[in-house]
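My entries follow in the order I made them.

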Amino acid sequence: MGKYDFTTLPNRFGHNTYKWKEAETDRQVLPAWIADMDFEVLPEIRQTVHDYAEQLVYGYTYASDGLIEAVQSWEEKQHGYRFDKDALVFIEGVVPAISTAIQAYTNEGQAVLINTPVYPPFARSIKLNNRKLVTNSLVEKDGLFEIDFEQLEKDLVENTVKLYLLCNPHNPGGRVWEKEVLEKIGQLCQKHGVLLVSDEIHQDLTLFGHKHHSFNTVNPAFKDFSLILSSATKTFNIAGTKNSYVVIENPKLKMAFQKRQLANNQHEISGLGYLATETAYRYGKDWLGELKEVIENHINYLVDLFGKETKIKVMKPQGTYLVWLDFSAYGLSEEDLQGLLKKEAKVILNRGLDFGEEGAQHARLNVAMPTSVLEEVCQRIVTIFAKV
C-alpha cells in the first residue's frame with residue numbers, strides 16, 4: 001500500500017468538468033479521453049488551495065522567488081536541465097505559448113512543421129494563425145513511432161520551414177525521444193536555420209525505465225535556436241489552475257516572445273496557478289512515483305487484455321498515461337468505429353483523426369483512473385469488439 005490514494009474515483013459531476021460533460025446527461029458513459037486524470041490531487045496542493053481561499057483577496061500576483069527556485073530545482077533534479085532564472089517565462093498554458101511562438105517568430109504564409117499524428121492544437125494553432133502547415137508523418141516500426149529523417153530534411157528544405165514544433169514525449173504515441181534522435185533533429189534545424197519549439201509537458205511521465213532528455217540538454221549549441229515548453233499541470237492534474245512556463249536561453253528570442261506575449265495580453269498568470277505549481281514541485285516527487293507505478297500497471301493490463309481478446313493493436317507508450325490504439329484490423333468506417341465505442345461500449349476515447357490523417361481507424365485511450373474503472377472501460381471495449 002502506498003501513501004496516496006489512487007483507488008477512489010473523485011466525484012466529477014456538478015463541477016462543469018469537461019472530461020465528464022457527456023456523462024452528466026448519460027450516467028452510463030465512461031470517459032477515457034482528454035488528458036485529465038481521475039485521481040485525487042496531491043494533498044499539499046489541496047491544502048494550498050484552501051490556504052489561498054483564506055487570503056480573502058484574490059488580486060493580481062507575480063512569480064515569487066520561491067516559485068522560480070522550485071521550477072529550476074525540479075528541472076535540474078528530475079531532468080538534469082540547469083538554466084538561469086532569466087531564461088524563464090511564465091504563461092498560462094503550453095498551447096497559448098505555442099501560438100505566441102508562432103506569432104513571434106514567423107510571418108503569415110510561412111511554414112511550420114509538425115510530426116503527425118500529434119496533439120490536435122499543434123495543427124490548429126498553425127492554421128488559425130494563417131501559417132503554412134507542413135506535416136511530416138511518423139513511421140511505425142516495431143510498435144513504436146520513428147522519424148524518417150530523410151523525409152524530414154526534404155520537408156524542411158522544400159517548404160522553407162521557419163519553425164519546427166516538436167512533441168517530446170510524444171502525444172499520442174507515448175514516444176520518449178532518445179538523445180540520438182534529438183541530436184539529429186537539432187543538427188537539421190541548425191543546418192537549415194529552423195527554430196525549434198519543444199513541447200515537453202509530459203516530461204515527468206516517462207515510464208518503464210525510459211528517460212526524458214530535454215532538447216536543450218542534448219547539445220549546448222541547441223539553446224541558441226530553441227524554446228522549451230513545460231508545466232506541472234499534466235503531471236499533477238492541475239490544468240484548471242492555469243500556469244506553464246517557457247525556457248528561452250537566447251535573450252533575443254526571449255525578448256521577441258515576451259513582446260508578442262504582451263501584445264496578446266498573455267503576461268498575467270492565475271495566482272492559484274503560481275501557488276499550485278510551486279507546491280507540486282516542492283512536495284510532489286513521491287506522489288508522482290506512486291502514480292507512475294499505477295499507470296505502468298494499467299498499461300500492462302490493457303496491452304495484455306487487448307492482445308489476448310481483440311484485434312486492437314496497442315502502441316505501448318514509453319511515457320504519458322495516453323495509449324494509441326489501432327482498430328484498422330476490423331476494417332470499419334470512422335463512423336462505425338465511433339458508433340461502436342460511444343453508443344455500444346459507452347466509452348469516450350479521443351478520435352484518432354483529430355491527430356492527423358494518420359489517425360484514421362485509431363483512437364487514444366487515457367488510463368489515468370482508478371483500476372476498477374479502467375477495467376470496466378477495457379472490458380466494455382473487449383465485449384463489443386469480440387462481436388465484430
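**Strand pairing.** I began with strand 2 and strand 10 (residues 244–247), which pair in the antiparallel sense over four bridges. Two strands pair if DSSP finds at least two bridges between them. I found Val-246 of strand 10 as the bridge partner of Val-89.

**Ground rules.** I noted that this is a predicted model, where local features need pLDDT of at least 70, side-chain atom pairs count only at pLDDT 80 or more, and totals for chains, interfaces and linings use all residues. Residues are numbered from 1 along each chain as its sequence is written, and side-chain values use heavy atoms, with hydrogens and water left out. Helices (H or I, at least four residues) and strands (E, at least two) are DSSP runs, numbered from the N terminus.

I then traced an open sheet of seven strands with mixed pairing, in the order 2-10-9-8-7-3-4. Strand 2 (88–91) and strand 4 (132–137) are at the edges with a single partner strand each, so one side of each has no neighbour in the sheet. Neighbouring strands are turned by 25° against each other on average, direction ignored.

**Helices on the sheet.** I looked up what lies across these strands. Helix 4 (residues 94–105) lies across strand 2, strand 7 (161–167), strand 8 (195–199), strand 9 (226–230) and strand 10. Helix 4 runs at about 160° to strand 9. Helix 10 (residues 251–263) lies across strand 2, strand 8, strand 9 and strand 10, at about 20° to strand 2. Axes are lines fitted to C-alpha atoms, for helices over the stretch in contact, and angles run from 0 to 180 degrees between N-to-C directions. Contact means heavy atoms within 4.5 Å.

**Helix 4 and helix 5.** I turned to helix 5 (residues 121–128), whose axis comes within 10 Å of that of helix 4 and crosses at roughly 35°. The crossing is right-handed (near helix turned clockwise from the far one by less than a right angle; anticlockwise is left-handed). Helix 4 contributes Val-95, Ile-98, Ser-99 and Ile-102, and helix 5 contributes Pro-121, Phe-122, Arg-124, Ser-125 and Ile-126.

**Helix 6 and helix 7.** The axes of helix 6 (residues 149–158) and helix 7 (residues 179–192) come within 11 Å and cross at roughly 25°. I therefore logged helix 6 and helix 7 as roughly parallel (angles under 35 degrees; over 145 is roughly antiparallel, 65 to 115 roughly perpendicular, the rest oblique). Their crossing is right-handed.

**Helix 2 and helix 11.** The axes of helix 2 (residues 43–53) and helix 11 come within 9 Å and cross at roughly 150°. Helix 2 and helix 11 are therefore roughly antiparallel. This crossing is right-handed. Glu-44, Ile-45, Thr-48, Val-49 and Tyr-52 of helix 2 meet residues of helix 11 including Leu-272, Leu-275 and Tyr-283.

**Aromatic pairs.** How many aromatic pairs are there? I read off 20 aromatic pairs. Rings of Phe, Tyr and Trp (its six-membered ring) pair if their centres lie within 6.5 Å; planes under 30 degrees apart count as stacked, over 60 as edge-to-face and the rest as tilted. Phe-90 and Tyr-274 form an edge-to-face pair, 5.7 Å centre to centre with 90° between the planes. Phe-90 is in strand 2 and Tyr-274 in helix 11 (residues 271–283), so the pair ties together parts 184 residues apart in sequence.
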